[in-house]
Amino acid sequence: MTIDFSLYLVTGRELLPPGKEYLQSLEEALQGGVTVVQIREKRSDTLEFLEIARESKILCAKYKVPLIINDRIDIALAIQADGVHLGQTDMPVHVAKTLLPVGTVIGVSCNDPDHVKKAIEDEVDYIGIGAVWSTTTKKLDSPVVGVRGVGSLLQALDGTNIKAVAIGGLNSTNALRTLHGSVSISGHRLDGIAVVSDIVASSAPRSAAQKLRNILDAWIHHFDVQSRVTQVYDVGTIKNGVVELMRLIRDKSPLIHQITNVVVTNQSANATLALGASPIMATASEEMHDLSRIPGGLLINFGTITNKGGMISAGQYANEAQKPVVFDPVGVGATQFRKTTASELLNAWQASVIKGNAGEMASLANSNEVQAKGVDSVGSGFADPASFIREIAKKERCVAVMTGPTDWVSDGVTVVKLENGNKMLGDITGSGCLVGTCVATFCAGASLMAAAPGTSPGPELAKLVRGNMLIGAVGGVLALTVAAECAAERSDVHGSGTFLPALIDELYNLKPETLLSRAKVQVL
């Protein structure tokens, strides 16, 4: 049997809202676009389970939707179900196959690479990966996988015919984040999402299912199109794109919301103003929804982690509003707390751009090739920085920026090498943080440009951010590094104390022709 796993409903009668009958809810969900149904009855005795399964089978057959039974082989046999789903502590697959008719679909729950390896050996039809998010619908016996943990499990399925659905805490709010962020480095995507409470607990299950169906259809179409089309860049296209963003930023003055560390708050705000944008340094969770509705961009810099709740809600609301989220994991390798926090943030929302020095990016990638001391990198850097930055961009499903004597930017396909700057940037506190501010500002410009009349932002439901984030990231890096060169050449600059105000001045006075003539750009 060929099954469309895209919208996989797992039932849970205990979640039904007052006044909503089980079969009524199930039929409305089927009408809304559910493509496969799993009956899960952990608290029912055999006779009750059998009756529920039989009634569900009749209803699913009406809509030509396959029915899968959770755990109970006997129930599946009794009603001639289309398939069974087995947990890691349920009946082994090889035993189930001896009992079930040939062609019965078999799925298993997987939480780690060993589970996936065993599923491949057992030649199952599909796996359920999870829990991806924390969930209250069942007790979790294994750690939460997280969105970023799904990709490696999917990659293990390369070359097989085994399908995969994500399960655990999925809903219309995080579905797009899950679909986008879980794609493997090899390009392997989920075949579907399994949903429980978002549909079952809804008083309008048809609308709830339709909302998820629309997200899935838009994203799958967008992913398939993007897989076939690769944007080709050259130096002229990039430089001209950056200049266009410079002009737009000064014309539109987007709001750049910055949750940043206390060391750089003032100079980051001044740099934002110098570029022509408007800064706001807000950290309270209660403000995040309102701020996300104002055109612009978001920078999350956790040099001082005192507002994790605000960081989480800000990123999630920005994703919802399709606004750029620039993440600067300052000193991420310095402590376990920072590593854990970075993982928590990056699972909670999708970064549009991740910017860091070599040590920080190595820590995010779990690489030992470059070490860090506090917020600084030590050593000579990566042997092949172009390949490294391309791979981390693929893994994190965003644009990656690695700063240093040479700056590297990639969207996972194209790599841009930038060689502007001055060594005095390393002599002032927070120069790396200023890069993050500039990147967020230019990405905000790219987002505004994509939303302008006459441009195409793509399917509304298929993107977590609008605009060309690669051009935005390159523009932010170039603005600061070119301004740094201009500042260092001034006769009134005698050291780091006079360099910083001169740098802000040069950002303020930066002209398109200056950037065009000075920018040292290579496209790899």
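How many Å separate the centres of domain 1 and domain 2, taken over C-alpha atoms? The answer is 39 Å. The views below come from a predicted model.

**View 1. The two domains of the protein chain.** The domain assignment gives domain 1 as residues 7–226. Domain 2 comes in two segments, 235–453 and 460–523. Their centres, taken over C-alpha atoms, are 39 Å apart. At the contact, domain 1 contributes 16 residues and domain 2 contributes 17 residues.

**View 2. The largest pocket lies between the domains.** Domain 1 and domain 2 both give residues to the lining, so the largest pocket sits between them. Its volume is about 1,600 Å³. The lining counts 50 residues. Nearest the centre of the pocket are His-222, Gln-226, Gln-231, Tyr-233 and Asp-411.

**View 3. The lining of the largest pocket.** Several helices each supply at least two lining residues, among them helix 7 (175–181), helix 9 (205–228) and helix 10 (235–252). By residue class, the lining has 24 nonpolar, 21 polar and five charged residues.

**View 4. His-85 and its surroundings.** His-85 belongs to strand 4 (residues 83–86). Its relative accessible area is 6%, under the 20% cut-off, so His-85 counts as buried. The side chains of His-85 and Ser-109 form a polar contact of 2.8 Å. Leaving aside neighbours within four places in sequence, His-85 is in contact with residues including Tyr-8, Gln-38, Ile-68, Ile-69, Asn-70 and Asp-71. Asp-90, Gly-107, Val-108, Tyr-126 and Gly-128 are also among its contacts.

Key: Residues numbered from 1 in each chain as written. Predicted model: local features only at pLDDT ≥ 70, side-chain atom pairs only at ≥ 80, totals over all residues. Heavy atoms only, no water. 1 Å grid on protein atoms, 1.4 Å probe; cavity = no way out; pocket = protein on both sides within 12 Å on 5 of 7 lines; lining within 4 Å. Points joined across faces, edges and corners; volume = space filled by probe spheres on them. Helix = DSSP H or I, 4+ residues; strand = E, 2+ residues; numbered from the N terminus. Nonpolar A, V, L, I, M, F, W, Y, C, P; charged D, E, K, R; others polar. Domains from an automatic or database assignment. Buried < 20%, exposed > 50% of the residue type's maximum accessible area, 1.4 Å probe, protein only. Polar contact = N/O pair within 3.5 Å; in protein donor to acceptor, adjacent residues only side chain to side chain. Contact = heavy atoms within 4.5 Å.
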